[in-house]
Structure formats: structure tokens, C-alpha cells
Amino acid sequence: MSAVMQQQVQPEIGAGVEVTAQATGQAALLTPDALGFLAGLHRRFERERQARLAARRARQQAFDAGALPEFRADTAALRAAEWTVAPAPAALRDRRVEITGPVDPKMVINALNSGASCYMADFEDATSPTWANLVTGQLALCAAIAGTLTHEAGGKRYALRPQAEQAVLIVRPRGWHLDEKHLRVDGARLAGALFDAGLFCFHNARALAARDRGPYLYLSKLESMEEAALWEAVLAHIEDRLALPRGQIKVTVLIETLPAAFEMDEILHALKGRAVGLNCGRWDYIFSYLKTLRRHRDRVLPERGQVTMAQPFLRAYSELLIQTCHRRGAHAMGGMAAQIPIAHDPQANAEALARVRADKLREVTAGHDGTWVAHPALVPVAREVFDARMRGPNQQHVLREDVHVEAADLLQPCRGTLTRAGFENGVEVCVRYLAAWLDGNGCVPIHHLMEDAATAEIARAQLWQWLHFADAGGEPLALDDGTAVDFALFERALITLPSRLHAQPGLPGASRVAEAIGLLDRLIHAEELAPFLTLPAYERLD
């Protein structure tokens with residue numbers, strides 16, 4: 001940072017707090033009081049965050065050595081006991097359609113105006129965490145809550161509908177594993193989760209509470225009840241500091257890791273004064289299955305297109321989540337269908353919408369209380385399905401007492417094949433998403449599917465696992481045509497990709513394709529599967 005920038009930022013903030021970047025509007029956001037608030041969160045909770053991350057690493061080492069996830073013996077009494085979470089506030093009793101997406105001003109306006117029940121403003125998988133994106137996103141949410149947000153682009157002006165017609169806002173901060181490198185406290189990076197949630201609550205919690213609108217959060221990437229308990233401590237601290245009633249901040253937890261699927265009761269219990277539901281974060285969950293069981297050759301999955309919610313291990317996960325939530329008085333939220341509208345091809349568009357309807361029909365029939373979409377045009381499609389089958393605000397009366405899920409059901413591998421097209425598509429999705437992400441775009445349409453960090457992670461983890469099993473001796477994996485799955489196949493896919501991508505006009509992140517290829521090549525050749533693709537990629541941002 002230049003000396004001029006330091007003069008603009010540093011004299012206003014307390015000792016031990018350093019902001020290392022500049023973005024338009026940040027002075028109004030990062031006030032001395034706001035920075036002091038964030039510093040207090042870091043100093044109180046960073047040691048425990050690092051302990052939780054160390055526990056993750058230790059547990060993964062056990063899985064790599066042959067252990068399998070299982071239901072905890074030390075919490076059996078908690079699972080057997082009868083208890084419920086606190087009642088949901090009125091604004092969150094009917095969540096039949098939720099739209100998700102990044103936090104740029106245009107998306108915020110379109111999502112709030114979309115007709116969805118709720119809008120999940122995503123600082124995690126759908127946002128590339130450039131400093132400009134984070135500052136712009138926080139400012140957009142502040143303006144939206146104040147009712148002043150507008151946006152102009154392409155000769156068009158976007159403005160919010162009256163508050164009574166807007167979707168209910170739910171914010172998704174980054175997971176515990178991500179840092180915010182642009183803000184340091186006592187020489188250490190602030191947790192991305194504390195930056196996102198802390199800054200949002202600092203500026204907006206009182207206004208939202210006054211309107212009985214929260215604040216409401218989605219919590220991502222949790223792996224244990226202890227990580228949920230850390231969030232409980234953080235949110236209670238925020239409430240105390242902002243003079244809010246205890247339990248004012250309500251949360252929905254994404255069950256998007258394999259270890260968390262074995263601790264749904266425990267996670268709800270740790271947050272029972274503020275938890276209103278769990279969500280089937282299916283794409284991250286598939287990634288977590290791959291990552292957790294990466295050394296288990298007997299649990300290799302087929303190509304992504306064949307890993308559907310009809311597969312037994314995913315159906316067991318979904319049904320256990322519904323049963324657990326409804327027993328505890330919480331919402332069981334469904335997940336995201338990746339399809340998006342296809343404007344130039346009516347037949348392909350009709351087929352995509354049919355797949356979305358089928359996915360939503362499966363969810364509402366199983367007992368889910370709501371679902372996700374990634375595009376405003378899909379809101380009426382999902383709403384039509386849920387309105388026809390869910391007459392009340394939710395389905396918590398559907399207890400699913402017929403469901404009996406054992407550990408083996410959650411771990412059962414699915415059978416299928418690996419085609420050349422499937423392998424090459426995995427390479428292409430990784431490269432295209434990485435290039436766009438490095439260029440500041442965290443949500444990218446590829447082949448008529450909306451790809452975010454979670455879906456790119458599936459492709460990356462599968463490539464690593466397929467290739468490293470092929471390289472580890474024994475019988476190699478093969479494509480359905482008999483071709484060996486080896487690093488030569490991977491290198492050929494990488495070599496032929498740039499010419500095909502550069503032929504596509506307007507490709508997001510086109511200038512960073514070579515950088516993305518180099519990064520993916522290193523990640524796939526590494527002896528260990530990197531826990532998250534966004535960790536090494538983050539060091540290349542800004």
C-alpha cells in the first residue's frame with residue numbers, strides 16, 4: 001500500500017489493526033468503531049478458530065489412514081433426548097423458495113425483487129473475495145437495508161421494490177477455513193467469517209432487529225458441533241456488544257460436509273436458541289464426500305453428472321436431514337438445481353426447466369420445507385411445485401418416522417462410469433471457473449449450468465482422486481472406452497483447452513486462463529489434495 005493510502009487509513013484505526021488495501025467507499029464501512037469491533041472479535045475467538053481447524057486436520061489424517069466417519073458415542077444421549085430449537089420468527093416460517101447469489105448491487109436488487117421468499121447473499125461460494133467485491137457487497141447490503149440501493153448498467157436503472165415486497169435477506173459469511181488477508185489484527189489475518197458476519201451485523205443488526213428481520217445468517221462448511229458452538233459464542237458476543245437480545249441473530253446451517261451429516265442433532269443443539277433450520281448443500285456435500293474419503297479406493301465416485309440425489313448415499317443424507325429437523329422443530333431446506341434458463345434454445349430451455357421441476361418435486365415430496373434456485377427466472381418454477389404440494393408455510397409435521405439411516409447408508413458409494421467427455425468436462429470446469437474467480441467473478445455459467453466454488457471443487461477433487469489412484473499402483477482406473485486414466489490423459493486435456501476457450505467470445509476471465517491452467521496443474525499433481533481450491537487461489541487475488 002502506498003504512503004498516501006496509509007495516511008488515509010492508518011491514523012484512524014487502533015493500535016494493532018492494519019488495513020492493507022483500498023476500495024471505493026471503504027471509509028464509510030471501515031470506521032474506527034467498526035474496525036475496533038472486528039479486532040475485538042479476532043482477539044477473543046481466533047485461538048479457538050485455529051484449534052477447530054487443527055481438529056479438522058487431525059480427523060482427516062485418521063480418515064486418510066482408513067477410518068470412516070461415524071455417529072459420536074459421546075453424544076448418544078443428546079440424540080436420544082427430546083428437545084427442540086427455539087421457534088422461528090415470523091419472517092422465516094415460510095421459506096419455500098430461496099434465491100442465492102453473489103453480493104454485487106445488481107444481484108442484490110434483482111434477488112430482493114425476485115419474488116422469492118428469501119435471498120441468501122453469498123460471500124462464500126458465489127463471491128470471489130477480492131477486496132473491491134467485499135467492500136462493494138457490504139455497502140450494497142447496507143444500502144438495501146436502508147432502502148436506498150440503486151444500480152445503473154447498460155442504460156438501465158435498477159431499484160428496489162417496497163420493503164414489504166422484497167425477499168427476506170439472509171447473509172452467508174465465509175467458512176471458518178478462510179482468512180481475510182486485507183485486514184490484520186496484531187499481525188494476523190482476520191477470519192473471513194468474522195469479517196463478513198461482524199461487519200454486516202455491526203452496520204445493520206439494529207435496523208434489522210427493529211423491523212423483525214434478524215439479522216439472519218447461513219453458516220457454511222461446519223464439520224462438528226464444536227464448530228457450531230464457536231459460532232454460538234461469536235454471535236452471542238456480537239449480540240452483547242450491540243445491545244441485542246440473546247438469540248436475536250437467527251441461523252440456518254448448511255450441512256455440506258460429510259462429517260457434519262453425522263452430527264446434525266449436535267449442531268442444532270449447539271445453536272438451539274437461534275437455529276431455525278438445516279440445508280442440504282448438496283454440491284459441497286459431494287465435494288466433502290470426495291475429500292473426506294479421498295484415500296478410500298472402494299468409494300470412488302463416477303463422473304459428476306451421474307452423482308444425483310437419487311443415489312443412495314445422497315438420498316440417505318437428505319432424508320436424515322428432514323427427519324432430524326422436523327423432530328427438532330427446524331426447517332429442512334432443500335438444495336440447488338444447477339440448471340439455468342437457456343434463452344437462445346427453446347427446446348434445451350424446456351428440458352432444463354423440466355429437470356428443475358423434477359428436482360423440486362423430489363424435494364417437496366420427501367418433506368423439505370423449501371428449496372434453492374440460482375436465477376430469478378426459476379423462482380416461479382420452484383414456487384409452482386411447492387405451492388401445489390405444500391399447502392401450509394412448511395412441512396414440519398412430516399416427521400419421516402419411516403427413515404432409518406445408519407452410518408453405512410451415508411457412506412455407500414454409487415456405481416457408474418467415467419467417460420472421456422466427463423473427464424474433459426471436469427478439466428474445463430476447473431479451468432474456466434478458476435480463471436473467472438481469479439478475475440473477480442465467483443458465479444459462472446458453463447454449459448448452461450451455474451457453477452460456483454462448490455461445483456468446481458467436485459471437478460477438482462475427482463480429477464485428483466482418479467489420477468492419484470491410477471498412479472498409486474494396482475489396477476488403474478479407466479474410461480468407459482478402456483483408456484487409462486493417467487496424467488498423460490490429463491495433460492492432453494489441458495493442452496487442447498486454451499484454443500477451444502479462446503474461440504469463445506466474452507469468456508469470463510479469458511485473460512487468466514493460462515494462470516488457471518498452471519494452478520490446476522500444480523494442484524492435481526500435488527501429493528496431497530489441497531483442502532480447498534480457493535486457499536491457494538486466494539493468494540493470487542488483488
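Student: Where is the place of Gly 16?

Tutor: Gly 16 lies in the loop between α1 (3-9) and β1 (17-19). Helices (H or I, at least four residues) and strands (E, at least two) are DSSP runs, numbered from the N terminus. This is a predicted model, in which local features need pLDDT of at least 70 and side-chain atom pairs count only at pLDDT 80 or more, while totals for chains, interfaces and linings use all residues. Residues are numbered from 1 along each chain as its sequence is written, and side-chain values use heavy atoms, with hydrogens and water left out.

Student: What is Gly 16 in contact with?

Tutor: Leaving aside neighbours within four places in sequence, Gly 16 contacts Arg 43, Arg 184, Val 185, Asp 186 and Gly 187; contact means heavy atoms within 4.5 Å. Gly 16 and Asp 186 are 170 residues apart along the chain, yet their C-alpha atoms are separated by 4.5 Å.

Student: Turning to Gln 60, is this residue buried or exposed?

Tutor: Gln 60 counts as buried because its relative accessible area is 14%. Buried means under 20% relative accessible area, exposed over 50%, and partly exposed in between (1.4 Å probe, protein chains only). Gln 60 belongs to helix α3 (residues 32-64) and touches Lys 291, Thr 292 and Arg 294, not counting residues up to four places away in sequence.

Student: And which helix holds Lys 106?

Tutor: Lys 106 is in helix α5. At 35% relative accessibility, Lys 106 is classed as partly exposed. Not counting residues up to four places away in sequence, Lys 106 touches His 151 and Tyr 158.

Student: At what angle do α5 and α6 pack?

Tutor: Helix α5 (residues 105-112) and helix α6 (residues 131-146) pack at about 35°, their axes 9 Å apart. Axes are lines fitted to C-alpha atoms, for helices over the stretch in contact, and angles run from 0 to 180 degrees between N-to-C directions.

Student: Which residues make that contact?

Tutor: Pro 105, Val 108 and Leu 112 of α5 meet Thr 136, Ala 140, Leu 141 and Ala 144 of α6.

Student: Last topic: where is the kink in α18?

Tutor: The kink, of about 30°, lies at Thr 496, shortly before the proline Pro 498. The bend at a residue is the angle between axes fitted to the seven residues ending there and the seven starting there.

Student: Which residues of α18 are buried?

Tutor: They are Phe 487, Leu 489, Phe 490, Ala 493, Leu 494, Leu 497 and Leu 501.
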